[in-house]
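Trainee: I am new to this structure and would like a close look at a single part of it. Please take the salt bridges and go on from there.

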Amino acid sequence: MKSKSTTDICNESIFSVFFESHIKTLRNFILYKFGNSNHAEDVSQEAFIKLWQNCKDVPLEKAKSYIYTIANNSSLNIIAHEKVKLSYMKDFSGLDKTNQSPEFILEENQFKDKLLTAIENLNETQRIAFLMHRIDGKKYKEIAEELDISVKAVEKRIHLALLELRKNIDNL
């Protein structure tokens with residue numbers, strides 16, 4: 001057997017009295033919390049619509065907390081949606097962010113490919129010393145210690161690597 005209060009809110013006259021007594025405070029609560037009067041009006045009305053749609057499941061004693069929870073959650077969902085829209089608008093400029101022409105980007109990618117091929121074609125000793133110096137940022141002395149060779153040998157390997165790369169890149 002259902003309690004009497006569960007069915008009371010489904011009665012139109014009781015619902016009307018409940019609506020009249022709580023609509024203003026709910027609208028003000030949402031307005032004060034989120035600062036938009038149109039939004040507060042819409043969310044408050046939607047909360048009461050949901051209460052009416054679910055009146056059989058909501059006892060009269062919990063109807064007030066039900067509408068406040070619905071209104072608060074709806075407002076938070078709207079704010080989250082607005083954040084997503086703003087984030088998308090911020091990230092989307094409609095243009096390439098680099099402002100570089102497609103020809104420049106293509107040439108740059110071709111140069112990168114050729115440079116990587118030229119580095120791959122270096123002999124192993126030159127490539128290791130060159131990459132440790134240029135990519136890892138190590139000093140000649142550090143490379144010499146790691147490879148167990150002299151600093152002069154490191155200098156020579158890197159010098160020869162640069163000559164080889166320059167020769168290959170000039171031919172490009």
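Trainee: With which residue does Arg27 form a salt bridge, and how far apart are the closest N and O atoms?

Mentor: This is a predicted model, in which local features need pLDDT of at least 70 and side-chain atom pairs count only at pLDDT 80 or more, while totals for chains, interfaces and linings use all residues. Residues are numbered from 1 along each chain as its sequence is written, and side-chain values use heavy atoms, with hydrogens and water left out.

The partner of Arg27 is Glu41, and the closest N and O atoms of the two are 3.1 Å apart. A salt bridge here is a side-chain nitrogen of Lys or Arg within 4 Å of a carboxyl oxygen of Asp or Glu. Arg27 belongs to helix α2 and Glu41 to helix α3, so the pair ties together parts that are 14 residues apart in sequence. Helices are DSSP runs (H or I, at least four residues), numbered from the N terminus. Arg27 has a relative accessible area of 23% and is partly exposed; Glu41, at 27%, is also partly exposed. The cut-offs are these: buried is under 20% relative accessible area, exposed is over 50%, and partly exposed is in between, with a 1.4 Å probe and protein chains only.

The buried residues of α4 pack against α2 (12-34) and α3 (37-53), where contact means heavy atoms within 4.5 Å. Among the buried residues of α4 are Ala63, Ile67, Ile70, Ala71 and Ser74. An α-helix has 3.6 residues a turn, so residues three or four places apart point the same way. Helix α4 has 32 residues (60-91) and should span 46 Å at 1.5 Å a residue; its end C-alpha atoms are 47 Å apart, which agrees. The expected span is 1.5 Å times one less than the number of residues.

The whole structure holds five salt bridges. Another one joins Glu146 and Lys138, at 2.5 Å from N to O, and Glu146 is partly exposed at 49% relative accessibility. In a further one, the side chains of Glu155 and Lys152 meet at 3.6 Å, N to O. Both of these residues, Glu155 and Lys152, lie in helix α8, three residues apart, which is about one turn of the helix. Glu155 is partly exposed, with a relative accessible area of 30%, whereas Lys152 counts as exposed at 62%.

Key
Helix = DSSP H or I, 4+ residues; strand = E, 2+ residues; numbered from the N terminus.
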